[in-house]
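Visitor: Could you walk me through this protein, slowly please? I am new to reading structures.
Guide: Gladly; have a look at the picture first, and then ask whatever comes to mind.

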Amino acid sequence: MPLPPHSSSRRDFMKRFAVGAGAVAAMKAPAVLARVGERVPPRQKLGIALVGLGYYSTQILGPALQHTQDVELRGIVTGTPAKAERWKAQYGIPEANIYNYETFDRIADNEAIDIIYVVLPNSMHAEYTIRAAEAGKHVICEKPMALNAEECRQMIQACRDAGVQLTIGYRMQFEPHTQEVMRLGQEQVFGPVRMVQAGAGYREGRADHWKLKKAMGGGAMMDMGVYSLQAARYITGEEPIAVTAQAHTTRPELFTEVDETTMFQLEFPSGALATLYTSFGMGVNDMYTTAADGWFYLRPFSSYSGIQGASSNGPFDFPQINQQAVQMDEQARSIRDGTPMRVPGEEGLRDMIVVDAIYQAIESGERVEIG
Ligand code: NAD
């Protein structure tokens, strides 16, 4: 049934997702409200340890963890003693909760740590997720989940065997404008989706970085292409049945091992199509969907903040949130309450099945069917 015009409003969003206080407050210091004289029971926060203190942990996740209400930063795993000292001083992390890659498995004995967040190069995601599971800890693993679908299956199995939850750091799935385009597409508010176009990328020029190395899981497709792929999958709510793909480079001296720009096209069972791209050569950041009776878009669509969009019913009006704080809080609540994850390991696996097919299509120049 079509929704009334102007349904994409802030108020509707608040009602549907019941996030008024939580999502928006995550941008500010958390506040516990109580009447004068009333005792406030301490909220039971889970403890998280970040593994790998590079760009994303340092610039984004550490600061975001200062705004979470259901989880807090209690531990770190790093191979660099100077970083350990800096984090210890900045965030007051006790010595007992600081590990390196050799002592990592001892985290099994640390009751303060409930969740391990794997923020390492992509080639290390499988190993550290499996070791974290074997240590009896719940796992948040960064995107892309692993190097290929086979590794993803091993990670899912390890977490199942250990009885711990596994979730992927797909922050966009927690973002209000993004949740709205998921709803517009999946509920066919403008009729069936016909075409999703999406691009995600930036200019990467660090010659010596692991993102340019194949063995480390580098390349634009692995790094940013998964955002375009996710968009096509969460807007249609379908799994692609076939893919064609092409890789290009304008800097062959830099991109000797991995793709600089990849374009890929997906066919879905309903007949919906997606034309998607990703790049380490240029800044691209938008999504446009054409449905039978309308359209909707996001621009920017994969940034950490400032997501904007509109549909043929008018502009969106949703709150801006701290994506990572909202993501980690909800993941922690799912762990604490034993409820299903919004983005379970299986979601990362579904992407990697398509990514495997994309590489096969680039290699062969053929259309590859996905079983
Ligand atoms: P980075 O290179 O800045 O950090 C990687 C960290 O891993 C560094 O601290 C490095 O010292 C450590 N490391 C440990 N062993 C290493 C080894 N053998 N080789 C190289 N580094 C090693 O990378 P990043 O940008 O922080 O990315 C880390 C992960 O986070 C990646 O999976 C990436 O896709 C993901 N990420 C996600 C987002 C998001 O928005 N969800 C954003 C950025 C990065």
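**A guided look**

Guide: To begin, buried residues make up 56% of the 371 residues in the protein, where buried means under 20% relative accessible area, with a 1.4 Å probe and protein chains only. This is a predicted model, in which local features need pLDDT of at least 70 and side-chain atom pairs count only at pLDDT 80 or more, while totals for chains, interfaces and linings use all residues. Residues are numbered from 1 along each chain as its sequence is written, and side-chain values use heavy atoms, with hydrogens and water left out.

Visitor: How many helices and strands does the protein have?
Guide: There are 10 helices and 15 strands, taken as DSSP runs of H or I with at least four residues for helices and of E with at least two for strands, numbered from the N terminus.

Visitor: In what order do the strands of the open sheet come?
Guide: Its 9 strands follow the order 14-13-12-11-7-10-9-8-15, and their pairing is mixed; two strands pair if DSSP finds at least two bridges between them. Strand 14 (314-315) and strand 15 (368-369) stand at the edges with a single partner strand each, so one side of each has no neighbour in the sheet.

Visitor: And how do strand 12 and strand 13 pair?
Guide: Strand 12 (residues 294-298) pairs with strand 13 (residues 309-311) in the antiparallel sense, over 3 bridges, and Tyr297 stands opposite Ala310 in strand 13.

Visitor: Changing topic, at what angle do helix 5 and helix 6 cross?
Guide: The axes of helix 5 (residues 125-134) and helix 6 (residues 149-162) cross at roughly 10 degrees and come within 9 Å, where axes are lines fitted to C-alpha atoms over the stretch in contact, and angles run from 0 to 180 degrees between N-to-C directions. The two helices are therefore roughly parallel to each other, a term for angles under 35 degrees.

Visitor: Which residues meet there?
Guide: Among them are His125, Thr129 and Ile130 in helix 5, and Glu151, Met155 and Cys159 in helix 6, with contact meaning heavy atoms within 4.5 Å. The residues of this contact divide into 7 nonpolar, 3 polar and 1 charged.

Visitor: Last one: which residues of helix 3 are buried?
Guide: In helix 3 (residues 55-64), the buried residues are Tyr56, Ser57, Ile60, Leu61, Gly62 and Ala64, and what covers them includes strand 1 (46-51), helix 4 (81-91), strand 4 (115-118) and helix 9 (323-337).

Methods
Parallel < 35°, antiparallel > 145°, perpendicular 65-115°, else oblique. Nonpolar A, V, L, I, M, F, W, Y, C, P; charged D, E, K, R; others polar. Buried < 20%, exposed > 50% of the residue type's maximum accessible area, 1.4 Å probe, protein only.
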